[in-house]
Amino acid sequence: MQIEWTAGPEAFAARAAAHVVDCLAQIDAPAIALPTGMTPVGLYQQLLALQAAGEVDLSAGHYFNLDEYVGISQTDSHSFAAFLGRYFLDESLIPADHIRLLQGDAPDILAEARAHDAAVAARGGLDFAILGLGGNGHIAFNEPGVAWTEGTHIVPLTEETRAANAAYFEDGFTVPGEGVTMGVGMLRGARRILLMVSGAAKADALARLLAGKTDPAWPVTALCGHPDLIVIADEALRPA
Ligand code: PGA
């Protein structure tokens, strides 16, 4: 594990962006998994700015989202697909055929999960998985106790996660009880993982990872021992 402690949101986002730029420079047409949430917003802004400055060509990559709410369409502003559009993809100049986003309202959600797996497999698996971290240790929508062997699968969302996500919206949106998410097995199979950890609410989960012992109650600990794990975290979270 390589850990980078950063001071302030600009430095946090800049380090993350540098890793994405490296990935695009080093790997031909990399398959990249993208997170939703407030943590990566600065990263997305920096990538767009770097591209505008001619320092990266985002269209060289192939992009997949990590997760989505079950039952929510991509055109619904609450969807993760809409979030990624708003903060990154719409302005990114990435061609549509380089982007696959989960369709949360697919009539057959299991078939949709399999199709996501097949699309990633067709690119040779994930080269680079960018992850946020839940306060309860979740990665993507893999909540405590979830199996660690899965590809894309359907999962119940904890009340903690539903409440945390409802806070993004002021319109009374009821967060669905289920998500569809790349599983821990699939994420662990990514050749490189970038875990972004920001905010005091993540301190316990980060400490579990740093302790280096796998624990099913803390899904992030599934990443212990990964051969190419990069963690970027707030300096304030550095253990004394
Ligand atoms: P956040 O969410 O980036 O909004 O903190 C991260 C997560 O729950 O995975």
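Predicted model: local features only at pLDDT ≥ 70, side-chain atom pairs only at ≥ 80, totals over all residues.
**View 1. Helix α1 and its length.** Helix α1 runs over residues 9-26, 18 residues in total.

View 2. Look here for the buried residues of α1: F12, A13, A16, A17, H19, V20, C23 and L24. Seen down the helix axis, the buried residues fall within an arc of 155°, so they line one face of α1.

View 3. Seven strands with parallel pairing follow the order β1-β10-β9-β6-β2-β3-β5. Strands β1 (2-6) and β5 (99-100) are at the edges; each has a single partner strand, so one side of each lacks a neighbour in the sheet. At the β5 end, β3 (residues 62-65) pairs with β5 over 2 bridges in the parallel sense, and F64 sits opposite R100 of β5.

View 4. The structure has 9 aromatic pairs. One of them joins Y69 and F141, with ring centres 5.8 Å apart and planes at 35°, so this pair is tilted. Y69 belongs to strand β4 (residues 67-69) and F141 to the loop between β6 (128-131) and β7 (153-156), so the pair links parts of the chain 72 residues apart. Y69 counts as buried at 0% relative accessibility, and F141 counts as buried at 2%. Y168 and F169 make an edge-to-face pair, 6.4 Å centre to centre with 85° between the planes. Y168 is partly exposed at 39% relative accessibility. Ring pairs link Y69, F80, F141, Y168, F169 and F173 into a cluster.

Key: Residues numbered from 1 in each chain as written. Heavy atoms only, no water. Helix = DSSP H or I, 4+ residues; strand = E, 2+ residues; numbered from the N terminus. Expected span 1.5 Å × (residues − 1). Buried < 20%, exposed > 50% of the residue type's maximum accessible area, 1.4 Å probe, protein only. Arc of directions from axis to C-beta. Pairing = 2+ DSSP bridges. Phe/Tyr/Trp six-rings, centres within 6.5 Å; stacked < 30°, edge-to-face > 60°.
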